[in-house]
Amino acid sequence: MPEEPQNPTAGESETPSAAIENAPSSDAPETTDLPSTDKPAAKSKKPPAKAADGDKSPAKAADGDKPPAKAKKEKAPAVEDKPFAEFIQQDYLPALQTALTKQGVKDLEVRFTKQKLPIAGMSTAGDCWQVIGKFQEGQRQFNLYFPQENIQSQRAFSCAENNTHTSTLEPFLIDERKITLDLMVFGIVQRLNAQKWLNLN
């Protein structure tokens, strides 16, 4: 039986000459990629990759995210945005009645109707929406006219005493950009006060 070749280095601890030549000097310390046993490995400072929009991890959503902002409540529509006739009857007439009562008018009657203009020479102009107010036993009357069913459109005013027909039709609040309920009430109070029909005089 042939003898197996013997390994001349078997059982001996020898360092190959090539490894010896390339080994670092033990005199100067050098850094290597090998982990050190003296101190713990430094933690990675690289931030975690950002999640794509809408792909939030449950942990992040629970910890860092703020609760979603509450939806803003929609504003209720202004009374002036109501249908024309509804606004006049439900809002304007009661507000006008209250305001003139505070000015000392005790027997005010106000109504909303569509009829011909009570202006001399204008009876053929057709019917027009009007707010008609009477007080002092009907001896004083004022009319607020709306040629169109829109408070933001043209408006006119007239007043008369002792059941006479007025001969003039004057513009009402023509310098205002936006007509509001309060402004329409104020306009009548101001005009009747200028007529010296209220207790303010």
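Predicted model: local features only at pLDDT ≥ 70, side-chain atom pairs only at ≥ 80, totals over all residues.
Trp-197 counts as buried, at 6% relative accessibility. The structure holds six aromatic pairs, and two of them are walked through here. A pair of aromatic rings is described by the distance of the centres and the angle of the planes.

**Phe-84 and Phe-112**

- Phe-84 and Phe-112 pair edge-to-face, with 5.7 Å from centre to centre and 65 degrees between the planes.
- Because Phe-84 sits in helix α3 (residues 84-102) and Phe-112 in strand β1 (residues 109-116), their pair ties together parts that are 28 residues apart in sequence.
- Phe-84 is buried, at a relative accessible area of 9%.
- Phe-112 is buried as well, with a value of 13%.

**Phe-135 and Trp-197**

- The ring centres of Phe-135 and Trp-197 are 5.9 Å apart and the planes meet at 75 degrees, so this pair is edge-to-face; the angle is over the 60 degrees that edge-to-face calls for.
- Phe-135 belongs to strand β2 (residues 127-135), while Trp-197 is in the segment after α4 (181-194), so the pair ties together parts that are 62 residues apart in sequence.
- Phe-135 has 2% relative accessibility and therefore counts as buried, since buried means under 20%.

**A cluster of rings**

- Phe-84 and Phe-112 also belong to a cluster, in which ring pairs link them with Trp-129 and Phe-146.

Key
Residues numbered from 1 in each chain as written. Heavy atoms only, no water. Phe/Tyr/Trp six-rings, centres within 6.5 Å; stacked < 30°, edge-to-face > 60°. Helix = DSSP H or I, 4+ residues; strand = E, 2+ residues; numbered from the N terminus. Buried < 20%, exposed > 50% of the residue type's maximum accessible area, 1.4 Å probe, protein only.
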